[in-house]
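Please read the following walk through a protein model with the coordinates open beside it.

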Amino acid sequence: MDISYVIIDDEKNNIENLENLLKNWCPGMQLKGYAQNVADGVKLIGTVNPDLVFLDIQMPEKTGFDLLKALEPVCFEVIFVTAFDQYGIQAIKFSALDYLLKPIDVNELQLAVEKAREKLRSKQANGNISNLLEYLRTTGKEPPRIALPTAQETRYAPLNQILRCEASDNYTWFFLTTGESVLVCKTLKEFTELLSPYNFIRTHQSHLVNTRYIKSLLKEDGGILLLDNGSRVPISRPNLDNVKKALAML
């Protein structure tokens, strides 16, 4: 299927570069226009109703996030195109959205476009954008939910419902307080980076634990964490001191 798109970026050379990459490497893309600030971007999107928006985060006066807030509820797919911005990237990752870092890598661009095409083809509701905006409203607080992309859907789990995570090759099992387990299409390393600031600790190469559900530290087998639901999580020797320090701060 063909995709209509717009580009919102304050730098004209970035717009031209992205347009050329899409022409040369991503067939079936139809440019409907571009804008160099949020106000013009809102007007453009309202006029042409694109399938996909390539959106810069940092722009004069307002950000790409402000544009999404102005258009909520969002009825199009979004691929962020940005220089590295820690807070922005953190928010995007928490919501399982796609982003491209400048300068743009062609392979990453093609992959992001194909993922957007598949979402448009399947007419999936864009709950990831709603989750992103919810995250942005909780600045300085614990994010309310994290997006968990599975093979069938994207689940949105409150952080206080996550007991623990366990690696399974390039996937991660999430074990929830509801008794459910969810297999997510991302590595444990990615979730460790996202969740560590919110009182999750890595106890082992294959295990990440929500400290609020730790019941006790058992001294058997080099160290075992007993969780409130009865789960027993191993602690590797290299992680034992860090686990003890984290527990001492609870």
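By about how much of the helix are glutamate 118 and arginine 121 separated in helix α5? In this predicted model, the two residues are separated by about one helical turn, because they are three residues apart in helix α5, which covers residues 106-122. An α-helix has 3.6 residues a turn, so residues three or four places apart point the same way. The side chains of glutamate 118 and arginine 121 meet in a salt bridge, with N to O at 3.0 Å. Glutamate 118 counts as partly exposed because its relative accessibility is 41%, and arginine 121 counts as partly exposed at 44%.

Arginine 164 and glutamate 166 are joined through their side chains by a salt bridge of 2.9 Å, N to O; here arginine 164 is buried, with a relative accessible area of 12%, whereas glutamate 166 is partly exposed at 23% relative accessibility. Arginine 232 forms a salt bridge with glutamate 220, and the closest N and O atoms of that pair are 2.2 Å apart. This pair links distant parts of the chain, since arginine 232 belongs to strand β15 (residues 232-234) while glutamate 220 sits in the loop between β13 and β14 (224-227), 12 residues apart. Arginine 232 is partly exposed, with a relative accessible area of 45%, and glutamate 220 is partly exposed as well, with 35%.

Aspartate 9 lies in the loop between β1 (3-8) and α1 (12-25), and counts as buried because its relative accessible area is 3%, which is under the 20% cut-off. The side chain of aspartate 9 makes a polar contact of 3.0 Å with the side chain of lysine 102. Not counting residues up to four places away in sequence, aspartate 9 touches Asn14, Ile15, Ala35, Gln36, Asp56, Met59 and Lys102.

The next step is the domain arrangement. The domain assignment of the protein chain gives domain 1 (3-127) and domain 2 (144-249), whose C-alpha centres lie 33 Å apart. Six residues from domain 1 and 11 residues from domain 2 take part in the contact. Between them the domains bury about 710 Å², with 61% of that area on carbon and sulfur atoms. Lys93, Phe94 and Ala96 supply 69% of the area that domain 1 buries against domain 2, more than any other three residues. Across this interface the rule finds zero salt bridges, and one residue pair, with both residues at pLDDT 80 or more, is in polar contact. Helix α4 (residues 86-94) gives three residues, the largest share of the side of domain 1 that touches domain 2.

In soluble globular proteins, nonpolar side chains tend to be buried together. In this model the largest nonpolar core has 44 residues, of which Ile8, Leu55, Leu68, Phe80, Ile146, Phe174 and Leu195 touch the most other members. Helix α6 (residues 127-136) provides five residues, the largest share of this core. The core lies between domain 1 and domain 2 because both give residues to it. Apart from this core lies another, of 20 residues, among them Ile15, Leu21, Phe54 and Ile79. Helix α6 is mostly covered, with eight of its 10 residues buried, including Ile129, Leu132 and Leu133. Ile129, Leu132 and Leu133 are also among the contacts of leucine 68, as are Leu55, Val74, Phe76, Val78 and Phe80, once neighbours within four places in sequence are left aside.

Valine 243, found in helix α8 (residues 237-248), counts as buried because its relative accessibility is 0%. Beyond its neighbours within four places in sequence, valine 243 is in contact with Ile201, Arg202, Thr203, Leu225 and Ile235. Threonine 211 has its place in the loop between β12 (207-210) and β13 (214-218), and counts as buried at 8% relative accessibility. The side chain of threonine 211 reaches the backbone oxygen of asparagine 199 at 2.9 Å; leaving aside neighbours within four places in sequence, threonine 211 is in contact with Asn199, Ile201 and Leu250.

Technical notes. Residues numbered from 1 in each chain as written. Predicted model: local features only at pLDDT ≥ 70, side-chain atom pairs only at ≥ 80, totals over all residues. Heavy atoms only, no water. Helix = DSSP H or I, 4+ residues; strand = E, 2+ residues; numbered from the N terminus. Buried < 20%, exposed > 50% of the residue type's maximum accessible area, 1.4 Å probe, protein only. Contact = heavy atoms within 4.5 Å. Core = buried A, V, L, I, M, F, W, Y, C linked by side-chain atoms within 4.5 Å. Domains from an automatic or database assignment. Buried area = accessible area lost by both parts, 1.4 Å probe. Salt bridge = Lys/Arg side-chain N within 4 Å of Asp/Glu carboxyl O. Polar contact = N/O pair within 3.5 Å; in protein donor to acceptor, adjacent residues only side chain to side chain.
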